[in-house]
Amino acid sequence: MLFYIHGGVFLSQERLSKIVFVYIAIIDETTELDREDKSNLKKVTRLVLKELGVPGDSELSISFIDDIKMRELNLSYRSIDRTTDVLSFPQSEGPDFTLLGDIIISLDTARRHSESYGVKLHEELKKLIIHGVLHLIGHDHKKKKETQIMRDKEKELSLIVKEL
């Protein structure tokens, strides 16, 4: 049996039970995302957090900015003088993930990547949200072994949110 969720998405009872209600603030400094886009991205984020076992009373923010602002942030926080697609800023460490942190996504870079990879922008944004969330909960890709673990988790989560 399938259940209809706002935005035209159909979920099975099993998937519906995996949606958690986490406070997710979406800030679109570009003003390019509409209400439906934001709603769908929140659903993706909630399902990813649930699959990762993050408590339902957690909070995080996702900000969408342009390449100019992303380049400034990348230079300030990573000393890299170029734009990037996603940055994550964890707010807490250890087992208490109540305040997860911030995910910053360059909509300009995401759009270029989606065109380059031949996917819809929404698909690229889902990928970047998954990547950002994994960083917030402690995953990294500085070493080869860590990179493979993170990539495997990204693939697994991408399959889970495929229909959203």
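Which residues lie nearest the centre of the largest pocket? They are Val86, Ser88, His131, His135 and His141, out of 31 lining residues. This is a predicted model, in which local features need pLDDT of at least 70 and side-chain atom pairs count only at pLDDT 80 or more, while totals for chains, interfaces and linings use all residues. Residues are numbered from 1 along each chain as its sequence is written, and side-chain values use heavy atoms, with hydrogens and water left out.

**Largest pocket**

- The largest pocket holds about 790 Å³ of space, a volume being the space filled by probe spheres set on grid points joined across faces, edges and corners.
- A pocket is an open set of points on a 1 Å grid over the protein atoms alone, where a 1.4 Å probe fits, with protein on both sides within 12 Å along at least five of seven lines; lining residues have an atom within 4 Å of a point.
- H3, strand E5 (86-90), H5 and H6 each give at least two residues to this lining, and H5 has the largest share, 7 residues.
- Helices (H or I, at least four residues) and strands (E, at least two) are DSSP runs, numbered from the N terminus.
- The lining comprises 12 charged, 10 polar and 9 nonpolar residues; Asp, Glu, Lys and Arg count as charged, Ala, Val, Leu, Ile, Met, Phe, Trp, Tyr, Cys and Pro as nonpolar, and the others, Gly among them, as polar.

**Nonpolar cores**

- A nonpolar core is a set of buried Ala, Val, Leu, Ile, Met, Phe, Trp, Tyr and Cys residues joined through side-chain atoms within 4.5 Å.
- The largest has 32 residues, and Val48, Ile62, Phe64, Ile103, Ile105 and Leu125 touch the most other members.
- Elements giving two or more residues to this core include strand E4 (59-65), strand E6 (99-106) and helix H5 (121-136), with the largest share, 7 residues, from H5.
- Another core, of 5 residues, lies apart from it and includes Ile65, Met70, Leu87 and Ile104.
- Beyond four places in sequence, the contacts of Ile105 (heavy atoms within 4.5 Å) include Ile62, Phe64, Met70, Val86 and Leu125.

**Individual residues**

- Ser61, in strand E4, counts as buried because its relative accessibility is 12%, under the 20% limit; exposed is over 50% and partly exposed in between (1.4 Å probe, protein chains only).
- Leaving out residues up to four places away, Ser61 touches Ala25, Ile27, Gly101, Asp102 and Ile103.
- Glu72, in helix H3 (residues 67-78), is partly exposed at 45% relative accessible area.
- Glu72 and Thr83 are 11 residues apart along the chain, and their C-alpha atoms are separated by 7.8 Å.
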